[in-house]
Structures are given as C-alpha cells and as structure tokens.
Amino acid sequence: DDPYDGASETRLLRRPGRWSVVDEARGAALEGTEGGAFLSLERLRFTGERGAATIPLRSISREAFVQPLFGCSYLTGVAEADGAPAVRWTVYFDKGGATAFITVFYRALRAARAGRVSGAAAE
C-alpha cells in the first residue's frame, strides 16, 4: 500500500508511531495506533488501521516538538487550509526515531515555506 497514493513527489522518510488529527470546530477526530508518519517535500501523511490523513506542509503553523519528562516525544501543530477550519495534528514517537524525523521535518517545512521543493530538504 503506497502512503503517497502514487504521487511522484520526493519522499524523505517514515517513522512508525501513533498519530491523531482533531477538528475541534466539527467535533471530529481521526487517529492511528498501528500506523506511521510519512514525510515528503510537499506533505506529511499519516496512515493507520482506521484511515489516513494528509497535511500539506505549507498549511502547517504553530508546530512544536515536545520531549516530556515521562512518556514519548511528540510533534504537534496546526494545519489551516484556505477557508477550512484549522485542525490540530500530533505524531507520537513511541518507537524512537524522533531526532532524525524532526531534523528532516524542519528542513522540509522551511523549504515548503520558502517555495522550494526540489532537493531542498537535503541541504
């Protein structure tokens, strides 16, 4: 199963873990416990046993990496598309790998915000 739906975009990395996407305005939530996070130069994609969610990197704001004293590290943020309600998303790194993911995530996010996509996250 291709988490990128066959799109020909530059795929950067993936990490297993739990995730959630919450739309408070609509009272809806989607989460995955046996899935993972996939990062490309264009989007962050979550897959799991109950469904999938896609977050375009250009729609992300208020992103934060949290390393609590107890529990696993997680990355969270808000996604706001044109005219749509904002959704809060979180990916939990239960099985490690957070450092590599965060490093590449922030590079890809900077590239997306600057309008660069081709190979920019690897710089």
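Q: In this predicted model, where is S73 found?
A: S73 is found in strand β6, which covers residues 73–79.

Q: Why is S73 called buried?
A: The relative accessible area of S73 is 17%. Buried means under 20%, so S73 is buried.

Q: Which residues is S73 in contact with, leaving aside its neighbours within four places in sequence?
A: S73 is in contact with F65, V66, Q67, P68, V91, Y92, F93 and A98. Contact here means heavy atoms within 4.5 Å.

Q: Where does A98 lie, and what is it in contact with?
A: A98 lies in helix α1, residues 98–114. With its neighbours within four places in sequence left aside, A98 is in contact with F65, S73 and F93. The C-alpha atoms of A98 and Y74 are separated by 7.7 Å, although these residues are 24 residues apart along the chain.

Q: What makes A98 count as buried?
A: A98 has a relative accessibility of 10%. The limit for buried is under 20%, and therefore A98 counts as buried.

Q: How do you know that α1 reaches close to its expected length?
A: Helix α1 has 17 residues and reaches 24 Å from its first C-alpha to its last. The expected value at 1.5 Å a residue is 24 Å, and the helix is close to it.

Q: Which residues of α1 are buried, and what covers them?
A: The buried residues are A98, F101, I102, F105, A108, L109, A111 and A112. Their cover includes β1, β2, β3, β5, β6 and β7.

Q: What follows α1?
A: G115 follows α1, and the phi of G115 is positive, near 85 degrees.

Q: How many salt bridges does the structure hold?
A: The structure holds three salt bridges.

Q: Why is the pair R18 and D94 called a salt bridge?
A: The closest N and O atoms of R18 and D94 are 2.7 Å apart. A salt bridge requires a side-chain nitrogen of Lys or Arg within 4 Å of a carboxyl oxygen of Asp or Glu, so this pair is called a salt bridge. R18 lies in strand β1 and D94 in the loop between β7 and α1, so the pair ties together parts that are 76 residues apart in sequence.

Q: Why is R18 called partly exposed?
A: R18 has a relative accessible area of 31%. Buried is under 20% and exposed is over 50%, so R18, in between, is partly exposed. D94, at 39%, is also partly exposed.

Q: What does the salt bridge of E63 with R113 tie together?
A: The closest N and O atoms of E63 and R113 are 2.7 Å apart. E63 lies in strand β5 and R113 in helix α1, so the pair ties together parts that are 50 residues apart in sequence. R113 counts as partly exposed, at 48% relative accessibility.

Q: How much space lies in the largest pocket, and which residues are closest to its centre?
A: About 270 Å³ of space lies in the largest pocket. Of the 17 residues that line the largest pocket, the closest to its centre are V21, D23, R26, P85 and V87. The elements β1, β2 and β4 each give two or more residues to the lining.

Q: What classes of residue make up the lining of the largest pocket?
A: The lining has twelve nonpolar, two polar and three charged residues.

Notes:
Residues numbered from 1 in each chain as written. Predicted model: local features only at pLDDT ≥ 70, side-chain atom pairs only at ≥ 80, totals over all residues. Heavy atoms only, no water. Helix = DSSP H or I, 4+ residues; strand = E, 2+ residues; numbered from the N terminus. Buried < 20%, exposed > 50% of the residue type's maximum accessible area, 1.4 Å probe, protein only. 1 Å grid on protein atoms, 1.4 Å probe; cavity = no way out; pocket = protein on both sides within 12 Å on 5 of 7 lines; lining within 4 Å. Points joined across faces, edges and corners; volume = space filled by probe spheres on them. Nonpolar A, V, L, I, M, F, W, Y, C, P; charged D, E, K, R; others polar. Expected span 1.5 Å × (residues − 1).
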